Amino acid sequence: MQVFHLSEKNGLQEIQHTSEQPKFERTYVVTVENPVNEKVYVIDDEEHCTMLLAEEY
């Protein structure tokens, strides 16, 4: 499972990408017109890839 924490930081979009297996963490900062604050889960079972907002999980 991949997790993306989307947040606004100083008017920019910060994206923190994490994974438990394999252990991974990276943060990106990009310029966008309307930064959002959301958490997105991505589940890949090699046959399907599903993306869910935190409130849908």
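Tutor: Welcome! Let's start with a cut-off: a residue is called exposed when its relative accessible area is over 50%, buried when that area is under 20%, and partly exposed in between. Keep in mind that we are looking at a predicted model.

Student: What makes Glu46 count as buried or exposed?

Tutor: Glu46 has a relative accessible area of 80%. The cut-off for exposed is over 50%, so Glu46 is called exposed. You will find Glu46 in the loop between E4 and E5.

Student: What is the phi of Glu46?

Tutor: Phi of Glu46 is near 70 degrees, a positive value in a residue that is not glycine. Most residues other than glycine have a negative phi.

Student: Where does Asn10 lie, and is Asn10 buried or exposed?

Tutor: Asn10 sits in the loop between strand E1 (2-9) and E2. Its relative accessibility is 78%, and the cut-off is over 50%, so Asn10 is exposed. Phi of Asn10 is positive as well, near 55 degrees.

Student: Let's turn to the strands. What makes up the secondary structure of the chain?

Tutor: The chain has five strands and zero helices. Read from the N terminus, the elements go β-β-β-β-β.

Student: How do you know that E2 and E3 pair?

Tutor: Two strands pair if at least two bridges are found between them. E2 and strand E3 (residues 24-30) share seven bridges, so they pass that test, and their sense is antiparallel. One place to look is Glu14, which stands opposite Val29 in E3. E2 and E3 also form a hairpin, with four residues between them.

Student: How many bridges join E4 to E5?

Tutor: Strand E4 (residues 38-44) is joined to E5 by five bridges. At least two are needed, so E4 and E5 pair too, and they run antiparallel. Within this pairing, Asp44 has Cys49 of E5 as its bridge partner.

Student: What is the order of the strands in the sheet?

Tutor: The order is E3-E2-E1-E4-E5, in an open sheet of five strands with antiparallel pairing.

Student: Why are E3 and E5 said to stand at the edges?

Tutor: E3 and strand E5 (49-53) each have a single partner strand, so one side of each has no neighbour in the sheet. On average, neighbouring strands of this sheet are turned by 20 degrees against each other, direction ignored.

Student: Why is the link between Glu14 and Lys9 called a salt bridge?

Tutor: The name asks for a side-chain nitrogen of Lys or Arg within 4 Å of a carboxyl oxygen of Asp or Glu. In Glu14 and Lys9 the N to O distance is 3.6 Å, so the pair meets the definition. The structure holds one salt bridge.

Student: What makes Ser19 count as buried?

Tutor: Ser19, in strand E2, has 6% relative accessibility, and the limit is under 20%, so the word buried applies. Leaving aside neighbours within four places in sequence, Ser19 is in contact with Met1, Gln2 and Phe24.

Student: How do you know that Ser19 and Pro22 make a polar contact?

Tutor: A polar atom of the Ser19 side chain lies 3.1 Å from the backbone oxygen of Pro22. The limit is 3.5 Å, so this pair is within it. Pro22 lies in the loop between E2 and E3, and the peptide bond from Gln21 to Pro22 is cis, with omega near 0 degrees. Most peptide bonds are trans.

Student: Which residues does Ile15 touch?

Tutor: Not counting residues up to four places away in sequence, Ile15 touches Phe4, His5, Leu6, Arg26, Thr27, Tyr28 and Val30. Ile15 belongs to strand E2 (residues 12-19).

Notes:
Residues numbered from 1 in each chain as written. Heavy atoms only, no water. Contact = heavy atoms within 4.5 Å. Buried < 20%, exposed > 50% of the residue type's maximum accessible area, 1.4 Å probe, protein only. Polar contact = N/O pair within 3.5 Å; in protein donor to acceptor, adjacent residues only side chain to side chain. Axes fitted to C-alpha atoms, helices over the stretch in contact; angles between N-to-C directions.
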